[in-house]
There are 2 protein chains.
Amino acid sequence: MKPQNRVIIENISPQINHGRYAIKRVIGEVVSVEADIYADGHDVLQAYLCIKHESQRIWKNILMIDKGNDRWQADFKVEKQGNYEYTVQGWIDHPLNWQHNIERKIKDKQHVNVELLDGIQYLQHLLKHANQSESTEIKNWITLFEDAEEYQTAIEIAQSEELHGLFIKYPLQKFVTEYEQKFKVYVDRHKAVFSAWYEFFPRSASQTAGKHGTFKDCEKLLPRVADLGFDTLYFPPIHPIGTDFRKGKNNTLSPTPEDVGSPWAIGSEEGGHKAIHPELGTLADFKSLLKTAQKHGIEIALDYALQCSPNHPYVKEHPEWFTWRPDGSVQYAENPPKKYQDILPINFETKAWKALWEELKSILIYWADLGVKVFRVDNPHTKSFLFWEWVIGEVKKQYPDTLFLAEAFTRPKVMHQLAKAGFTQSYTYYTWRNSKQELIEYMSEISQGEGKEYFRPNFWPNTPDINPYPLQDGNENLFLIRYFMAATLSANYGLYGPVYEYLVHQPYPGKEEYLDSEKYEVKHWDWTQETKLTRIIRQVNQFRRENLALQFTNNIQICEIGNDALLAYYKESADRSNRVLMVVNLDPHSTQSAMLRLPYEQMGIQPNTPLVMHDLISDKSYTWSQEWNYVELSPYQYPYHLFVVKTQEIDTAP
Amino acid sequence: MKPQNRVIIENISPQINHGRYAIKRVIGEVVSVEADIYADGHDVLQAYLCIKHESQRIWKNILMIDKGNDRWQADFKVEKQGNYEYTVQGWIDHPLNWQHNIERKIKDKQHVNVELLDGIQYLQHLLKHANQSESTEIKNWITLFEDAEEYQTAIEIAQSEELHGLFIKYPLQKFVTEYEQKFKVYVDRHKAVFSAWYEFFPRSASQTAGKHGTFKDCEKLLPRVADLGFDTLYFPPIHPIGTDFRKGKNNTLSPTPEDVGSPWAIGSEEGGHKAIHPELGTLADFKSLLKTAQKHGIEIALDYALQCSPNHPYVKEHPEWFTWRPDGSVQYAENPPKKYQDILPINFETKAWKALWEELKSILIYWADLGVKVFRVDNPHTKSFLFWEWVIGEVKKQYPDTLFLAEAFTRPKVMHQLAKAGFTQSYTYYTWRNSKQELIEYMSEISQGEGKEYFRPNFWPNTPDINPYPLQDGNENLFLIRYFMAATLSANYGLYGPVYEYLVHQPYPGKEEYLDSEKYEVKHWDWTQETKLTRIIRQVNQFRRENLALQFTNNIQICEIGNDALLAYYKESADRSNRVLMVVNLDPHSTQSAMLRLPYEQMGIQPNTPLVMHDLISDKSYTWSQEWNYVELSPYQYPYHLFVVKTQEIDTAP
């Protein structure tokens, strides 16, 4: 910044912690940048939004527009994965200022011969950059500006659009203020915002009751998962399970020799985070599974759980990564008075942090080399944020397609920090947002709060750890409702699959947990069984694929509807070629009805334009031509509408 | 920041543009600092607010308090003029974490012998810092912790307040996260927030009609200004006035030889910004004036107007500081189609910026050396922001008492930028805020918006440039009302004195300006005259001096009152020893009444506590003991109350 600089630039948005972290986008999304830009006095300013992908050397400049009250704006579309940078430049544009002033003086009938002579310096500036034909014309203009006889012609040129265009094309950038900071955008593949996850325990994949499931069994289930329309199949840890302090059924401390333990107690004599639990099969089996999954359009997501059972090889090989107690034992996980003796946390304050970080990275690279590009990360909020920022950045440098889902159910700022540090997606509080008001507030926070730039929600109606209280009486309608909202409020969602599909709901008494949890035992599922839920899942996943509007989350608009038991929300694609409107009956017991207001204004459609509302759920169409329209939903048919909204009648069936 | 650091610090407030500019305080004020502070996991954190005055070498650490939701807070009081810095540190406090966990385990009846042994490392840490007597005790504790026989005593010590206190006193600061930025507070003398300005033209100070006033005449008026209770007497420019293109009466272009010109057309053959207009007197006269002013507790404020008449010595001596036109003339000020040929703007884009800046600074230093410490700066928004930031900083380094009032009536962001750049006070939009709603919104913006940290308003009901439309019919009540609000809404205020006191109101037809403006001619005032306004000014200035609550602006609380013509507002001193409540009838024509709600909650007083309301204006007292109370104001008595509020009856007179 030179002492003669007169332009001030401040309050650039979007930005996170003054550029400390990147905002996030997926390929094809737009970044709309705004800044306060102004100078002393009344001179004409110009401003550029400057952008560059990390693979490029030359910055691209996009002219910003003054939106009033000294707020300027410009957009850019991200087209490549990886990092973009952006910043803003502003300067007093003396040629444009000269043109602006001469126009006002001519309008005031002042004689502007001195002003014309003054303008020649700006024409000469143009000559330095102009092409051949432009140069010829500009030279001619200079002659006219100097010739008092040609005054009339000269003032026409001075005020011309053509000259204006050349001043914009070849700006005189003197004393340019460039914002002191460059801001970052990290661009992911589309799946970062749009994914449907199915979770099951591989050890429960056998078709034979009482048998420990294997990868081969899992492979046989892939067509089913693909048929349901899921694109991501997530497995709890697949590594050898520790034996010391192994947990019995229902998390008890006295296991029998038959107990299989929790797969999150990772590591035994058979290996650690890069090994496969022998009972699941071999590395070859896992590779085969990955290959078949790819054929079905399914990605396998592994669990990255950074903790060790007491039998993990790290404990002997790298005692410096753990905390040792005065009695010579390793400190186990605890949150007093609770103890987790089967799990040893890693000490991220270790002096040997560098070797530790490298080893933990090598786990991810090991599985990524095999083809795994999606990781569900267990309890990331109990590991160092700086480590996450580093390891996610490192892996993405090598494998930009890699996606990380943060399994953190904790305080809001901690969850947000993980997203800032680089996690692609995050588990959320959705499970505990049930009333209409709670859902509206939560969706507003997600789609309009500061987090919208970096926190990508992934809605799960249940997980192996969470058997939500409202689902514990097993009401099928509520299972349908909570599923449908997860899949349409958020573009990323997941199901702890068989448990949800088959309406498992018995709680561990008094807790928000499952009785006889699969975390501690092998289960058997009749995978051939189909429920009403199975069928609706297949349908909804198909509708999500076919409707671009459902592939984003922040495009949500809550609609007015006059009943606290009814929730209505609208989504449209960025180009407005696809519009959908959802109405959900939150009451699993009774039919509910109300008048719903079409959000004509947000849709950019003239009020009272007739709209064809095609409900994909019931496959019925309605024509609505008023702002307020009647809806009624019975929980005993389908407790929701999923309308595709069209302005032209393409389907006149009633 | 080390890779093992686990604490995150972000969103520190207050701050302006991420610390690019200083927040402002006056001596004795408090800075309340907040920050988001958290770490991974569940360990106990500690945080310091770190502060340092520029004259100090050692940072002072103040323990922060966790206010919930990971937001921490601490206060500090500024006690010296000049710059303070502040930042925030946070760390995992392992000794406190150990104590917290051992307490929970003991409560759970777990045996904690290993934990006691583990704690010895933290006692050993204390030994490194403890004094003699503390050391003796700590060594004893170590022995007890090691002795299984002394288990009961040891666990009592482990849980003791005494040990807790030592852990706080001698913290184990490992892997401390220090926020990457230091923030600044600039501390002024109290006058920066509390001042009463009176403005008159020295050339109109003569007691003899038709005579050009002199500094000697001004000196004779000082007792009057002091008697009215003003602490600052501001003069429009006192320098030689240009002759080329001199303006005649009412800003006409055809002056007679008798016309005195505008004092803002600075500079003639008799000198420039360091010279005195010969007709006003000599430098000795000016020094004498300053000396007498000081005796009366009045500071003289000069006008720092950075522009030149065509006759200013700079034009010949420093042609490189001006913009030259192709016809060999200097570019005069213009805002097409308007022209200001008597004023040449300075070109802040000049290559010779360094010499220019130094010379402009030397003007301020010249007058400051003579004893002038207050400058009203003319149109600062048409000069470079970077220059202001530099020159104000430079002058304050040498004369920290110096105050700068920015005369910028322009767009909000530009006005705010000048305040950020260092202006002590700013003119405001008060003149154009007349309705109750406008006044409430404007006071909320000032006292609660981001600007509250740096933008200090100075309310002027009129200026030589502004004859507000509502005052143009000369209604005395409205003069009283607008005066009273200026002096009590804002702790800084000013009057373009004689014109206001004597209810001058004739407008230049159709404009918000004065007819026969004093800007272009010598006026004669009968300074012996006293109006109702004169008397109320004397009173209100006295009440302002006697009531600390009126000496701050951001302490304002708007009160509920059920009438759109009545405005009520409350202020209290930081220690609540002084409380005042103002009620204003905005309607200059009619009596207005309504119920007013006492803001018991904001006052920190139990509802329905009887309060003695002593109205300083009418010198009557009332006892209010209910939340809602009746008020009635007639514009033909006094259109306002200024209640001093006391919880004890000290005056029982009705």
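Me: What rotation and shift superpose chain B on chain A?
Reply: Copies are superposed by least squares on the C-alpha atoms of residues with pLDDT of at least 70 in both. Here a rotation of 180 degrees, with 0.0 Å of shift along its axis, puts chain B on chain A at RMSD 0.1 Å. The two copies are thus related as by a two-fold rotation axis. With contact meaning heavy atoms within 4.5 Å, 100% of the contact residues of chain B recur in chain A, so the same surface serves both copies.

Me: Which residue of chain B comes closest to the rotation axis?
Reply: B:His18, at 3.6 Å by its C-alpha. This is a predicted model: local features need pLDDT of at least 70, side-chain atom pairs need 80 or more, and totals for chains, interfaces and linings use all residues. Residues are numbered from 1 along each chain as its sequence is written, chains are lettered from A and ligands numbered from 1 in the order written, and side-chain values use heavy atoms, without hydrogens and water.

Me: Where is A:Met595 found?
Reply: In strand E25 (residues 592–597) of chain A; strands are DSSP runs of E, at least two residues, and helices of H or I, at least four, numbered from the N terminus.
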